[in-house]
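Welcome! Take a moment to look over the sequence and the model, and then let's walk through them together.

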Amino acid sequence: PSTNATYVGRVVVINVTVANLGDDSQTFNVTLQYDSNNISSKQVENLLPDTNRTLTFDWNTTGVTPCNYYNITAIADILPGDINETNNIGIGGPVKVKMMGDVDGDGFIDGNDLYALTSAFGTYPEHPMWNSAADLNDDKTIDGSDVFPIIWNYGQSCI
């Protein structure tokens, strides 16, 4: 995954590398899941023996329950003649999906989150004080508009 923590509604980019360890060209599907929920599937066509290919998936976390860690699993189809089915599953993560405004990721939206945001106020990705978790509106600048989600959700917790 492109990150190990994100906010509900954000997209996590997940790269999956598949390999053909057999002797023949293969076509198969790869399904990506968070826990037991499908994200999407992609078809790999004509993967030559002893080669690999990287697939890129976008996991849109809209509607995902916050305050949880999710394991990411890639599952390749089992093909006829496959002698090692255990290598058809790859597990990644976990990825924590946070409540909007939980900058420090502790499960509480409180003064600590406001402090983390103000410590990075006025920064941008190349700035040495940049904190991507404080960029609540994901516009690559930490400014006044990032304060509102903390204010709106102040006092909420995962407990």
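## A loop residue to start with

Let's begin with D50, which is exposed, with a relative accessible area of 70%. You can find D50 in the loop between β4 (37–47) and β5 (51–60). Although D50 is not a glycine, its phi is positive, at about 60 degrees. Please keep in mind as you read that this is a predicted model.

D138 belongs to the loop between α1 (111–119) and α2. With a relative accessibility of 39%, D138 counts as partly exposed, because that class covers values between the 20% limit for buried and the 50% limit for exposed. Why do such angles deserve a look? Most residues other than glycine have a negative phi, and most peptide bonds are trans.

## A cis peptide bond

The backbone holds another point of interest. G93 and P94 are joined by a cis peptide bond, with omega at about 5 degrees. P94 itself lies in strand β7.

## The overall layout

Now step back to the whole chain. How many helices and strands does the protein have? The secondary structure comes to two helices and seven strands. The protein is more spread out than a compact globule, because its radius of gyration is 20 Å, well over the 15 Å that the globule rule gives for 159 residues.

The C-alpha trace spans about 60 × 35 × 20 Å along its principal axes. Of the 159 residues, 34% count as buried. Among contacts between residues at least 6 apart in sequence, 57% join residues at least 24 apart.

## The largest pocket

The largest pocket holds about 720 Å³ of space. Its lining is made up of 34 residues, and those nearest the centre are A19, L21, D82, N87 and N88.

Which strand gives the largest share of this lining? That is β2, with seven residues. At least two lining residues come from each of β2 (11–20), β3 (26–34), β6 (68–76) and β7 (89–98). Sorted by class, the lining of the largest pocket has 18 nonpolar, twelve polar and four charged residues.

## The second largest pocket

The second largest pocket has a volume of about 270 Å³. It is lined by 16 residues, of which T3, A5, T6, R10 and S132 are the closest to its centre.

Here β1 (5–7) and β2 each supply at least two lining residues. The largest share, three residues, comes from β1. By class, the lining of the second largest pocket has six nonpolar, five polar and five charged residues.

## A buried asparagine in a helix

Our last stop is N153, found in helix α2 (residues 148–153). Is N153 buried or exposed? N153 is buried, because its relative accessible area of 19% is under the 20% limit.

What does the side chain of N153 reach? It reaches the backbone oxygen of M100 at 2.9 Å. Leaving aside residues up to four places away in sequence, N153 touches M100 and I109.

How values were computed:
Residues numbered from 1 in each chain as written. Predicted model: local features only at pLDDT ≥ 70, side-chain atom pairs only at ≥ 80, totals over all residues. Heavy atoms only, no water. 1 Å grid on protein atoms, 1.4 Å probe; cavity = no way out; pocket = protein on both sides within 12 Å on 5 of 7 lines; lining within 4 Å. Points joined across faces, edges and corners; volume = space filled by probe spheres on them. Helix = DSSP H or I, 4+ residues; strand = E, 2+ residues; numbered from the N terminus. Nonpolar A, V, L, I, M, F, W, Y, C, P; charged D, E, K, R; others polar. Buried < 20%, exposed > 50% of the residue type's maximum accessible area, 1.4 Å probe, protein only. Polar contact = N/O pair within 3.5 Å; in protein donor to acceptor, adjacent residues only side chain to side chain. Contact = heavy atoms within 4.5 Å. Rg over C-alpha atoms; globule rule 2.2 N^0.38 Å.
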